[in-house]
Amino acid sequence: MKKKTISYAKWGYIFLIPFFVVYFIFSFLPLIQTFGYSFLDYVVGQGTVKSIRDPGAGDSTIINNGFCGFANYSAVLKSDGLFSLSFKNTVILWLVGFVPQIIVSLLLASWFTDIRLKLKAQGFFKTVIYLPNVIMASALSLLFYSLFTQDGALDTLFGNPVLLTKIWGARGVVGFINFLMWYGNTTILLMAAMMGIDTSLYEAAQIDGANPSQVFWQITMPLIKPILAYVLVTSMIGGLQMYDVPYLIGGTSGNPSGVLQTLVSQIQLGKNSSVGRVSALSVMVFIVSAILGFITLKVMDDQSIRTRYGKKKKK
Amino acid sequence: MAQLKRFLAGTMALCVAGSLMTACGGSEDKDSSNGGAAKSADGKNSIADVSAADTEKLKEENTGKKYNIYCWNTEFQSRFETYYWPNKDEALWDGVEVNWVINPNDDNNYQIKLDEALGKQNKDGGDDNVDLFLVEADYCQKYVTSDACLDVIGEVGVTKDDLKNQYAYTQEAMTDGNGTLKGVSWQATPGLFMYNAEYAKQVLGTDDPAEVQKAVADWDKFAETAQKMADAGIAMVAGFDDTYRCFSNNVAGPWVQDGKVVIDPQIDEWVKQTKDYTDKGYNKKASLWDETWTAGQKIDGGVFGYFYSTWGIPFCLLPNTLDKSTDEGGELKEGNGGYGKWRACEGPQAYFWGGTWICGAYGSDNIAITRDIMLKLTCDTDIMAKITETEQDYTNNKEAIKKLIDGGYTNPFLGGQDHLSLLSSAAENINMSGKLSAYDQGCNETFQGAMKDYFNGNSSYDEALAKFKTDIKTKYGDLTVD
């Protein structure tokens, strides 16, 4: 018997081709190259310029001593190496922004979706909380820098504490910018998850006399777990790549005390000279991000499908 | 199918993670600006007009249609557009287009962009080639030791006689081991101590430069005066980096010796002094170029003085001290902010700061233009005198400076003071040899950045030093540190 269905999937793949071609050339090949560099004792000297008069002489600035095994990795991983210095900074900066972000987002999302509250003008509020995300991170950073820097508007108002020269002050400002930029996005995601919950569950809970906090912890939280995990992991990956905000607040040295020097700051600092070493650092960021990515996939795949639909079927 | 979907989803996720990572790799900055606003000299300035015969000669020698100039700010651009090409509507050199490529200096950014462009330089010429580039004292050695610069005498065709009025040190700094001159400068950069005359009168009872000089004649006297200023609620200097050049340009050896970073005792001296000043409240904890530092240059800014080199007067102090900028229609006369209320004295220690050189790039197909620019903007005595008179810059021409001093030069911005006499004796004594390395910009910036933490009390000296060493090793992978 002849198959009569038309395969639309084919078109899907055809439309995906441009992405994969561009990705392959501009992202995948450089990625492989970075892996390669990370095993080379490769440095670009900054003390001179490539010869113009004798183009055949090659680039004298490149000092490439060939394959060096895991030497770059062990240098980066040493107790005073680049990874250990900046990984801690990155994680702290991420936590300072993420903890308030997830709390505020959960609160807002549950208010917006609450069937009894029935908030008015939701569209307006959703737009407003999402707005900071539309502004460029660099623009926000510069704004906050000028507010909190020495003799800045808020600095003067609070009696010149010069927040940006204090370790926790600087961390707080960076964290607050990240919070401001991303809580809207997280709220929207969590709202989508909460709206997907069957309202009959809430009605049943109300009839059974559950108070709002019980409803939140016993019904909402377990059911939005997969999206929550997704938010957590994507935010972690984003956090690992944090660069623009801390750089604009703390400069190359990541002042104060280098606590604003993140993993990517180190890569940026060394990319023009210590190619081998910062390639090793990049690869390590990649590996950590990849692990986190796989965790998301696993969580999304297993739990969302089984808890939501699997259990229902059993009934 | 489900398997395939899952595989595709997985691949996509990896791709996204991967592309995030590589995105920060080799992004090419197209931060070039063409032209820009220029101070055009209302047509009456005719010194730079190219005579008909010259134009003919230029036409013959020039094959390129585009003249690319690499620099990091608009200082040279405004000199060029005011004194070399005053009438923008007129075609220059038979219609050769001037293309300005301006990349900010910070974090070695300019050097990196310039090296990239020089790396693509075609030795047989071409319109994409760099024709002219500017270098600063902090990294001029990098280009002097390379073969990227044209020999000013042998290849560009400027004669020794043309260069005779320039200060010897400006040429020594740009001369390589074989005695080849690689670049020329329009300015000499001896340093001075610029002070606020109102505060001088208030605290020291006089604003006479000779008297004030006595109060800051050496570092002990300087500290004494700083205490008096502090008692009156005035900071002696704006921030940490202000006195830096007094020490860093009097070092015994360069930052980098045989591939190793060496911290000179003079640099240590700066750290000790600045920590002391910070603890005693002699400064406002500003960093160079930041807002607090700039704000202190207002006449009531609460800062007594600034260590400035010659270029600092026209390029920083003058615009920063005005209440109404010239762009807003402010006039350059007494009553507009601090105009006329600053004075200059030698300060506690002779030093120099900065200096910009013009270099012709090898592979340029407009060498005749380069020669013409070098002759007019660094050798021509009349133009040099005019620049010093109108722009307050200290030009690299002894003859022009002498003429001005003999002609009874007074500077209205400095309340009628003749600061050229102070500078000309200082300029004669500058010696840059053995003090410069190719890595100075990165070392200076990183060291100042790291020490800021020590001054602010966030870390100990050893911690700050360790931070400097880690950062400099990453920034310059080819160097070693202790």
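Modeller: Let's start with a definition: a residue is buried if 20 or more other C-beta atoms lie within 10 Å of its own, exposed if 12 or fewer, and partly exposed in between, with C-beta atoms placed from the backbone. Keep in mind that this is a predicted model, where local features need pLDDT of at least 70, side-chain atom pairs count only at pLDDT 80 or more, and totals for chains, interfaces and linings use all residues. As for labels, residues are numbered from 1 along each chain as its sequence is written, and chains are lettered from A and ligands numbered from 1 in the order in which they are written.

Biologist: Fine. What makes Asn109(B) partly exposed?

Modeller: Its count is 16 other C-beta atoms within 10 Å. Asn109(B) sits in helix H4 (residues 109–119) of chain B.

Biologist: And which residues does Asn109(B) touch?

Modeller: Leaving aside residues up to four places away in sequence, Asn103(B) and Pro104(B). Touching means contact: the C-beta atoms, placed from the backbone, lie within 7 Å.

Biologist: Why is H20(B) called a helix, and how do you know that its length makes sense?

Modeller: Helices are DSSP runs of H or I with at least four residues, strands are runs of E with at least two, and both are numbered from the N terminus. H20(B) covers residues 461–475, which is 15 residues, so it clears that cut-off. The expected span is 1.5 Å times one less than the number of residues. For H20(B) that gives 21 Å, and the end C-alpha atoms are 21 Å apart, so the two agree.

Biologist: Which residues of H20(B) are buried?

Modeller: Among them are Ala464(B), Leu465(B), Phe468(B) and Ile472(B), and also Lys467(B), Asp471(B) and Lys473(B). The buried residues pack against H3 (82–113) and H11 (263–270) of chain A, together with S7 (260–261) and H19 (440–455) of chain B. Across chain B, 50% of the 482 residues count as buried.

Biologist: Which residues make up the contact between the chains?

Modeller: 51 residues from chain A and 50 from chain B. H12(A), spanning 275–314, gives the most to the chain A side, with 8 residues.

Biologist: What makes up that chain A side by class?

Modeller: It divides into 22 nonpolar, 25 polar and 4 charged residues. Here Ala, Val, Leu, Ile, Met, Phe, Trp, Tyr, Cys and Pro count as nonpolar, Asp, Glu, Lys and Arg as charged, and the others, Gly among them, as polar.

Biologist: Back to chain B. How do you know that S5(B) and S9(B) pair?

Modeller: Pairing needs at least two bridges found by DSSP between the strands. S5 (residues 191–196) and S9 of chain B are joined by 4 bridges, so they qualify, and they run antiparallel. Within S9(B), Ala344(B) is the bridge partner of Met194(B).

Biologist: Why are S8(B) and S9(B) called edge strands?

Modeller: The open sheet has 3 strands in the order S8-S5-S9, with antiparallel pairing. S8 (305–309) and S9 (342–345) of chain B each have a single partner strand, so one side of each lacks a neighbour in the sheet. Neighbouring strands are turned by 35° against each other on average, direction ignored.

Biologist: What packs on this sheet?

Modeller: Helix H14 (residues 312–321) of chain B, which touches S5, S8 and S9 of chain B; its direction makes about 150° with that of S8(B). Axes are lines fitted to C-alpha atoms, for helices over the stretch in contact, and angles run from 0 to 180 degrees between N-to-C directions.

How values were computed
Two residues are in contact if their C-beta atoms, placed from the backbone, lie within 7 Å.
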